[in-house]
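Please keep the sequence and the model in view while reading.

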Amino acid sequence: MYKIGITGGIGSGKSTVCALFADRGVAVYDSDSRAKRLMNEDAALREALSREFGAGCYAADGSLDRAYLAAAVFGDAEALKRLNAIVHPAVREDFRKWAETQNGPYVLLESAILFEAGFESEVDATLAVLAPLEERVRRTSERDGMSRDEVLKRIAHQMSDDELHARADRTVVNVRRDYLESDVEQLHKIYSHEAER
C-alpha cells in the first residue's frame, strides 16, 4: 500500500485537505485521534503510561485523564520525551496494521508532528499544508476561541512553514477553497499514478 504523510501547523487546514482526499475515496489515518483511542483502549499502552507517570493517568471510570497527563509533562522536555517514546511506537504499529486493511491506490497518514515524531519513515511521500500566518491565526481563533497571542504561542512551538517546505516532498498552500480543490484533484492523480509503479 502506497502511503502519504500529510502535515501542517495549527490553522493551516490540513484537516480540510484530508477531507478533500477522503471525498475522493482515500482512507485517512488521523494519528491524533488514534493516539487518544490507543491510550484509552490498548492494555499494554495503558500499563506503560501508568508505570511511567502514575496511576493518576486514568480516572476511576478507567478513561484517560488527559489533564493529569498534560500536567505531568507540561514544561518538562524530558517527561514529554518519555511520553512520546511510549505513545509514538504504538501509533506507528497501529498505522501499519490499519494501512494493510485499506483499499484504494494509497492512504494518508495525518499528523501535526509528522517529522518531529519520525513518522515520515512510515510513508512513501510527504505533503505539507501551508497557509499565511494571519490566515492561520484567524482560523484558529474562530475555531477554538483562542486569543491571537495564544495562537501565536502555539505556532511558535511548531515547525515553521519554511521548515515544512524544506522537508516535505510536496506542499499545498491553503488560501482559497476553489484553488485547494483543484490542487487536491491534481495531487490525487499524481499519487494514484505513483502508487501504480
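Helix H5 bends by about 25 degrees at Asn84, the bend being the angle between axes fitted to the seven residues ending there and the seven starting there. The model is predicted, with local features needing pLDDT of at least 70, side-chain atom pairs counted only at pLDDT 80 or more, and totals for chains, interfaces and linings using all residues. Residues are numbered from 1 along each chain as its sequence is written, and side-chain values use heavy atoms, leaving out hydrogens and water.

**Helix H5**
- The 24 residues of H5 (77–100) should span 34 Å at 1.5 Å a residue, and the end C-alpha atoms are 34 Å apart, which agrees; the expected span is 1.5 Å times one less than the number of residues.
- At the N-terminal end, Asp76 caps H5 through a side-chain oxygen 3.2 Å from the backbone nitrogen of Glu78.
- Among the buried residues of H5 are Leu83, Phe95 and Trp98, where buried means under 20% relative accessible area with a 1.4 Å probe, protein chains only.
- The buried residues of H5 pack against strands S1 (2–7), S2 (27–30) and S3 (106–110), as well as helices H2 (31–41), H3 (43–53) and H4 (66–73).

**The sheet**
- Five strands form an open sheet with parallel pairing, in the order S2-S3-S1-S4-S5.
- Because S2 and S5 (170–173) stand at the edges, each with a single partner strand, one side of each is left without a neighbour in the sheet.
- S2 and S3 pair in the parallel sense over four bridges, and Ala27 stands opposite Val107 in S3; strands pair if DSSP finds at least two bridges between them.

Methods:
Helix = DSSP H or I, 4+ residues; strand = E, 2+ residues; numbered from the N terminus. Buried < 20%, exposed > 50% of the residue type's maximum accessible area, 1.4 Å probe, protein only. Contact = heavy atoms within 4.5 Å. Polar contact = N/O pair within 3.5 Å; in protein donor to acceptor, adjacent residues only side chain to side chain.
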